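Reader: I have the model open. Can you walk me through the pockets and a few residues?

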Amino acid sequence: MDGIQYVSVKALTKYIKRKFDVDPHLQNIYVKGEISNFKKHSSGHLYFTLKDEKSRILAVMFSTYVRQLRFFPENGMNVLIRGEVTVYEPNGQYQLYVKEMKPDGIGELYLAFEQLKNKLEKEGLFHRERKRPLPPYPNSIGVVTSPTGAAVRDIITTIKRRYPFGRIFIYPALVQGKEAAPSIVKAIELANERKEVDVLIVGRGGGSIEELWPFNEEIVARAIHSSIIPIISAVGHETDVTISDFVADVRAPTPTGAAELAVPSINELQEKITNRKTRLIKMMKYKIDNGTKELLRLTNSYIFRHPHKLYEQKLEILDRTIERMNRSVKQIVTMRHQSLKQLHRLLVRHHPEQQLNIAKEKFRNVRKRLTLNTRTIYQRKEGEWKRTLRTLDALNPLKIMERGYSITYGEGGKIIKSVEHVQTDDALRITVLDGEIDVQVTGKIKGGEKGNG
C-alpha cells in the first residue's frame with residue numbers, strides 16, 4: 001500500500017457531525033424563512049423544509065417542543081426559528097433542529113386564536129342551534145374563577161343585590177398562567193358532576209391577551225361545549241373577545257354583566273308581581289261586577305219570576321210530539337200492511353205449483369219440437385248417406401274388375417302402368433276380382449309395334 005489511511009463513510013460523517021456540534025454559532029442559531037414540504041408524523045414530530053429565495057435547509061421539530069407551540073405551522077407560512085444545526089448521520093445531511101418557532105409578520109397569539117377559531121367553527125361548536133337558554137329563575141348559580149380576584153367579588157355582590165335568595169357556589173380555578181386552562185376545565189367538569197347549580201358563570205377580570213389566553217385554549221372551549229349546564233362566558237372587559245365567548249351559551253361583556261344575565265332583578269320581579277296583582281284585582285272586580293249584573297238580570301227574568309210557564313210550554317210541546325208520533329206510527333203500519341198485501345199477491349202469482357205447471361207445458365212443447373226436428377234431420381242424413389254410398393260403389397275398383405279389368409304390381413308393390421316399367425324375366429303379380437296371379441315376363445310389345453306387325 002502507499003501508506004495512505006482511508007476512513008469509512010461513517011467515520012467521516014461522525015467527524016463532520018462533531019465539528020458541527022462544537023461550533024457555538026450552530027448550537028443556538030436564529031433563522032427565518034418559509035415553510036414548505038410540511039409533514040406531521042404520527043409520533044408528533046414535525047418535518048419540513050425552511051427556504052428563502054435562494055436556499056433551503058431540512059428542519060425537524062420534535063414533539064417535546066411541538067407541544068409548546070400556540071399555533072399550527074402550515075406550508076407557505078413565514079416563521080422565526082431558534083434551534084441548532086447538526087448532521088443526521090444515516091444519510092450525512094445537515095439539518096436544522098427547531099426548539100422554538102414563531103410566526104413572522106403576525107403575532108403568535110393572534111395567529112393561534114384565528115386558527116383555533118376557524119377549526120372550532122367548522123366543527124359546529126359556535127352554531128346558534130346548539131346554544132341553550134338560561135333558566136329565568138335559577139335556584140343556584142355556579143362561578144368558575146379565581147376565588148381571590150375582583151371578578152368573583154363583583155359577581156357575588158351583583159347576585160346578592162339583584163337576587164338575594166339565589167345560592168352561589170364557587171368553583172375555584174386558576175385564570176392565568178400555564179396551569180390555568182386545565183384548572184378551568186377541571187372546575188367546569190366538577191360543576192357538571194355535582195349537578196348543584198342551574199347556570200354557570202366562567203370568567204375573570206380584564207388583562208392583557210397573554211393573561212386572558214387560558215380562555216382561548218382548545219381544552220377550555222371543548223369543556224364549555226360539553227357542559228350540560230348552561231354557561232355564561234365573562235372574560236375581561238367588553239372589548240375583550242375570547243374563544244370561550246364564541247362557544248358559551250351566552251357571552252357577557254364583564255363579570256358584573258354575567259351576574260346580571262344569570263339572575264333576574266328582585267326589584268323588577270317585585271314590580272312585575274305588583275303590576276300583575278293590580279291587574280288581577282281589577283280583573284276580579286270586573287268579573288264580580290259583571291257576575292252581579294248577570295245575576296240580577298237572571299233573577300228578574302221572566303223564567304225566574306214564572307218558572308211554571310217554562311214546563312207548561314214543554315208539556316204542550318210534548319203533547320204535540322206524541323200526536324205526531326201516533327200519526328206517524330199509524331201511517332207506517334198502514335204502509336206496511338199494504339206492502340204485505342202486495343207481497344202476498346206476488347207470492348200467489350209466483351207459487352211453485354203454478355210455476356211447475358207452466359214449466360211442464362213448456363217441456364211438452366219443447367219435446368214435440370225436438371222430436372220433429374230429430375226426424376227431419378234423420379231423414380236428411382239418411383238421404384245423404386245413400387247418395388254417398390252409391391258414389392263410393394261406383395268408384396270401387398272391384399266394380400271395374402267385374403268388367404274384366406285387373407291391376408299389375410311389380411317388385412315392392414309398385415303398380416305397373418307402362419311396358420317401360422318391366423323387363424324380361426321380371427316377376428309380376430296380377431290382382432283380379434277373385435284373387436292374385438303370379439307371372440313372369442317373357443317379352444313385351446309396345447302398342448305401336450303391335451299395330452305395325
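Author: Pocket terms come before the numbers. On a 1 Å grid over the protein atoms alone, a pocket is an open set of points where a 1.4 Å probe fits, with protein on both sides within 12 Å along at least five of seven lines; lining residues have an atom within 4 Å of a point. Grid points are joined across faces, edges and corners, and a volume is the space filled by probe spheres set on the points.

Author: The model is predicted: local features need pLDDT of at least 70, side-chain atom pairs count only at pLDDT 80 or more, and totals for chains, interfaces and linings use all residues. Residues are numbered from 1 along each chain as its sequence is written, and side-chain values use heavy atoms, with hydrogens and water left out.

Reader: How much space lies in the largest pocket?

Author: About 1,100 Å³. Its lining has 32 residues. Nearest the centre of the largest pocket are Arg67, Gln68, Leu69, Arg70 and Glu217.

Reader: Which element gives the largest share of that lining?

Author: α4, with 5 residues. At least two residues each come from α3 (63-66), β5 (93-103), α4 (108-123), α6 (180-194) and α7 (218-226). Helices (H or I, at least four residues) and strands (E, at least two) are DSSP runs, numbered from the N terminus.

Reader: How do the residues of that lining divide?

Author: Into 15 nonpolar, 4 polar and 13 charged. Nonpolar covers Ala, Val, Leu, Ile, Met, Phe, Trp, Tyr, Cys and Pro; charged covers Asp, Glu, Lys and Arg; the others, Gly among them, are polar.

Reader: And what is the volume of the second largest pocket?

Author: About 190 Å³. It has 13 lining residues, and Thr408, Ile416, Val422, Leu428 and Val441 are the closest to its centre. The lining of the second largest pocket splits into 8 nonpolar, 3 polar and 2 charged.

Reader: New topic. In what order do the strands of the open sheet run?

Author: β7-β6-β8-β9-β10, 5 strands with parallel pairing. β7 (167-172) and β10 (250-251) stand at the edges with a single partner strand each, so one side of each has no neighbour in the sheet. Two strands pair if DSSP finds at least two bridges between them.

Reader: How many bridges join β8 to β9?

Author: 5, between residues 199-204 and residues 231-235. Valine 202 has serine 233 in β9 as its bridge partner.

Reader: Histidine 45: buried or exposed?

Author: Buried, at 18% relative accessibility. Buried means under 20% relative accessible area, exposed over 50%, partly exposed in between (1.4 Å probe, protein chains only). Histidine 45 sits in the loop between β1 and β2 (46-51).

Reader: What does histidine 45 contact?

Author: Lys39, Lys40, Met61, Phe62 and Ser63, leaving aside neighbours within four places in sequence. Contact means heavy atoms within 4.5 Å. A polar atom of the histidine 45 side chain lies 3.0 Å from the backbone nitrogen of serine 63.

Reader: Where is isoleucine 229?

Author: In the loop between α7 and β9. Isoleucine 229 is buried, at 6% relative accessibility. Beyond four places in sequence, isoleucine 229 touches residues including Arg132, Ala191, Val197 and Asp249. Its C-alpha and that of arginine 429, 200 residues along the chain, are 126 Å apart.

Reader: Last one. What is phi of asparagine 37?

Author: Near 50°, a positive value in a residue other than glycine. Asparagine 37 is in strand β1 (residues 29-40) and is exposed, at 55% relative accessible area. For aspartate 425, phi is near 75°, also positive. Aspartate 425 is exposed at 54%, in the loop between β11 (407-409) and β12 (427-432).

Terms used
Polar contact = N/O pair within 3.5 Å; in protein donor to acceptor, adjacent residues only side chain to side chain.
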